Structure formats: structure tokens, C-alpha cells
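Here is a short briefing to read with the model open in your viewer.

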Amino acid sequence: MKQSEIVNLSVADLQTQLNELTSTLNSLKGAHAISPIENPIQIRNVRRAIARVKTELSKRELQ
């Protein structure tokens, strides 16, 4: 998810997206711990998407 897409979402959508990304990250980490996943870069991409969403949420709280 790109930053330009994140800016256009509402706060409720951002919270939903954050929950989905967090569950995705947990499942990827679990799958990777059991046996190496085919594309471990997915974990990094999901972590960065979570950071983007959290940054946008905190930015909106400050405004």
C-alpha cells in the first residue's frame, strides 16, 4: 500500500487496514518460523505498510 492510497482513507478504514496488516504479519512470521517462506521480503513490506498506516493515524491525531 502506497502513501498516496493511505492519505485518502478515513480513520476507520485506517484502523481496519492496520488490523488486517497486523494479522497478515503474524501469519507470515508464523509460517516463516515453521519453514522458510518463498518470499521473505513480504515480511518487510508488511512491516513498512504497518508503519505507514500508524504514521498517518498519529499525524491525524495531532491535527
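Leaving aside its neighbours within four places in sequence, which residues is Gln17 in contact with? The answer is Met1 and Val53. This is a predicted model, and its chain has 3 helices and 0 strands.

**Overall layout**
- From the N terminus on, the elements follow the order α-α-α.
- Along the principal axes, the C-alpha atoms fill a box of roughly 45 × 15 × 15 Å.
- The chain has 63 residues, and 24% of them count as buried.
- Among contacts with a separation of 6 or more, 66% come from residues 24 or more positions apart.

- Gln17 sits in helix H2.

**How H2 and H3 pack**
- The axes of H2 and H3 are 9 Å apart, and the helices pack at an angle of about 155°.
- Because angles over 145 degrees count as roughly antiparallel, H2 is roughly antiparallel to H3.
- The crossing of H2 and H3 is left-handed.

**The nonpolar core**
- The largest nonpolar core has 13 residues, and Leu21, Val46, Ile50 and Val53 are those with the most contacts inside it.
- Helix H2 (11-34) and helix H3 (41-62) each supply at least two residues of this core.
- H3 gives the most to this core, with 6 residues.
- Which residues does Leu21 touch, not counting those up to four places away in sequence? Leu21 touches Val46, Ala49, Ile50 and Val53.
- As general background, nonpolar side chains in soluble globular proteins tend to be buried together.

**Salt bridges**
- How many salt bridges does the structure hold? It holds 2, and they link Glu56, Lys59 and Arg60 in a network.
- Glu56 pairs with Lys59, with the closest N and O atoms 3.7 Å apart.
- Glu56 and Lys59 are 3 residues apart in helix H3, so about one helical turn separates them.
- Arg60 also forms a salt bridge with Glu56, and here the closest N and O atoms are 3.0 Å apart.
- Arg60 and Glu56 are 4 residues apart in helix H3, so they too are separated by about one helical turn.
- Is Glu56 buried or exposed? Its relative accessibility is 6%, so Glu56 counts as buried.
- Lys59 counts as partly exposed because its relative accessibility is 42%.
- Arg60, at 23% relative accessibility, also counts as partly exposed.
- In general, side chains of opposite charge can pair when their charged atoms come close.

**Where the topics meet**

Note on methods. Residues are numbered from 1 along each chain as its sequence is written. This is a predicted model: local features need pLDDT of at least 70, side-chain atom pairs count only at pLDDT 80 or more; totals for chains, interfaces and linings use all residues. Side-chain values use heavy atoms; hydrogens and water are left out. A nonpolar core is a set of buried Ala, Val, Leu, Ile, Met, Phe, Trp, Tyr and Cys residues joined through side-chain atoms within 4.5 Å. Buried means under 20% relative accessible area, exposed over 50%, partly exposed in between (1.4 Å probe, protein chains only). Contact means heavy atoms within 4.5 Å. A salt bridge is a side-chain nitrogen of Lys or Arg within 4 Å of a carboxyl oxygen of Asp or Glu. Axes are lines fitted to C-alpha atoms, for helices over the stretch in contact, and angles run from 0 to 180 degrees between N-to-C directions. Angles under 35 degrees count as roughly parallel, over 145 as roughly antiparallel, 65 to 115 as roughly perpendicular and the rest as oblique. A crossing is left-handed if the near helix is turned anticlockwise from the far one by less than a right angle, and right-handed if clockwise.
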